[in-house]
Amino acid sequence: MEIKKIAVLGAGQMGNGIAQVCAQAGYEVTMRDIAQKFLDGGMATIKKNLERGLKKGKITQEEVDAVLGRVRPVLEMKDAVKDADLIIEAIPEIVKLKLDTWNEVDELAPKEAYLASNTSSISITQMAAATKRPEKFVGCHFFNPVPVMGLIEIIKGAATNDESVEVIKQLAKKLNKQTVIVNEAPGFAVNRLLVPAINEAIFAIQEGVTTVEDMDLSIKLGLNWPMGPLTLADFVGLDTLLYISDYFVDEFKDSKYRAPALLRKMVRAGWMGRKTRKGFYDYSGDKPVPQRF
Ligand SMILES: NC(=O)c1ccc[n+]([C@@H]2O[C@H](COP(=O)([O-])OP(=O)(O)OC[C@H]3O[C@@H](n4cnc5c(N)ncnc54)[C@H](O)[C@@H]3O)[C@@H](O)[C@H]2O)c1
């Protein structure tokens, strides 16, 4: 089946990035969120990203206008999914929210549409089972920032068929991204490694082993990561990291995945990282300022 129209659920960090790259690849996109302010924020980010490309001469003004014209922000789920060939979900990493949403999507979307979740950790099989078309349900895990990162993990749930995997492979080709295929397991391949690594960095800060900036510098220079783990944590979103850690403990029944108390405390304080301008760094000024704990 040829995919022409894509509905993206969620206009947050990942949703607006996915909407942008799909529109750039020529797809008609609807981007759905639950309040106008989130849609406005998502559209503003897309515009800012495209204008950065314009300044660098990577894209023309006509292309910017055409891409923006292909993304339609909508509030009603029905408007988002009614004509879609593929629905990509990028709403918060909360199991019940995802299950309820998929139930609703399944009722409203065309029966032939494919369903894909950008979840970082939640079971594809469990979400697929909330629909009447589990064979058309597949994990499609983009990386942050979506326009920059070159990988999509394709996750097969228990019932996912080959055609659904092929749909995401074809999409990735058009988006100029590489794919890996992973059988379902919590955290798939990348986050299974990344989340415990970031948590270990936070444990070290909590224990006073070193400072935020020195932990980041150590890993950046010592392991040649493009950014340190605490900077990365702020990019990912501390709430998302906490959800994933708690989910890993539930699924693996292994305390080695537990979240540091410091991470939980920060999320309770509303310090989610870059999106709230405060996390391991304070982003309210010109330059990120490392926090002391
Ligand atoms: N942040 C990352 O680095 C990253 C990377 C890969 C995957 N993910 C996954 O992508 C998903 C989204 O993460 P994010 O970082 O974009 O979160 P985010 O908080 O930036 O955005 C989520 C958006 O979804 C909206 N939303 C809530 N309920 C909704 C609903 N029922 N319908 C439509 N929109 C709804 C929220 O208002 C918000 O704007 C999560 O599953 C996360 O695990 C995140």
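I count a residue as buried if 20 or more other C-beta atoms lie within 10 Å of its own, as exposed if 12 or fewer do, and as partly exposed in between, with C-beta atoms placed from the backbone. This is a predicted model, in which local features need pLDDT of at least 70 and side-chain atom pairs count only at pLDDT 80 or more, while totals for chains, interfaces and linings use all residues. Residues are numbered from 1 along each chain as its sequence is written. The helices (H or I, at least four residues) and strands (E, at least two) are DSSP runs, numbered from the N terminus.

**Helix α1, continued**

I checked the length of α1: its twelve residues should span 16 Å at 1.5 Å a residue, and its end C-alpha atoms are 17 Å apart, which agrees. The expected span is 1.5 Å times one less than the number of residues in the helix. After α1 comes G26, with a positive phi near 105°.

**Helix α2**

I then turned to α2 (residues 36-55), whose 20 residues reach 28 Å from the first C-alpha to the last, close to the 28 Å expected. Its buried residues are L39, G42, I46, N49 and L50. These cover an arc of only 95° around the axis, which puts them on the same side of α2; the arc is that of the directions from the helix axis to the C-beta atoms. I noted that they pack against α1, β2 (28-32), α3 (61-70) and β3 (71-74), where contact requires C-beta atoms, placed from the backbone, within 7 Å of each other. On the face turned away from the buried side, I found the exposed residues Q36, K37, A44, K48, R52 and K55. G57 follows α2 and has a positive phi, near 75°.

**Domains and ligand**

I recorded a division into domain 1 (5-183) and domain 2 (190-286), with bounds that come from an automatic or database domain assignment. Their C-alpha centres lie 25 Å apart, and the contact takes eight residues from domain 1 and eleven from domain 2. Both domains give residues to the shell around the ligand, so the ligand lies between them. Of the 28 residues around the ligand, I list G10, G12, M14, S120 and N144 as those that come nearest; a residue is near if its C-beta atom, placed from the backbone, lies within 6 Å. α1 gives the most to this shell, with three residues. By class, I have twelve nonpolar, twelve polar and four charged residues in the shell, counting Ala, Val, Leu, Ile, Met, Phe, Trp, Tyr, Cys and Pro as nonpolar, Asp, Glu, Lys and Arg as charged, and the others, Gly among them, as polar.

The peptide bond from N144 to P145 is cis, with omega near -5°, and P145 sits in the loop between β6 (137-141) and β7 (151-156). K253, although not a glycine, has a positive phi of about 50°; I place K253 in the loop between α11 (238-252) and α12 (261-268), and it counts as exposed with 8 C-beta neighbours inside 10 Å. R277, also not a glycine, has a positive phi of about 65° and is partly exposed, with 15 other C-beta atoms within 10 Å.

Definitions and conventions
Two residues are in contact if their C-beta atoms, placed from the backbone, lie within 7 Å.
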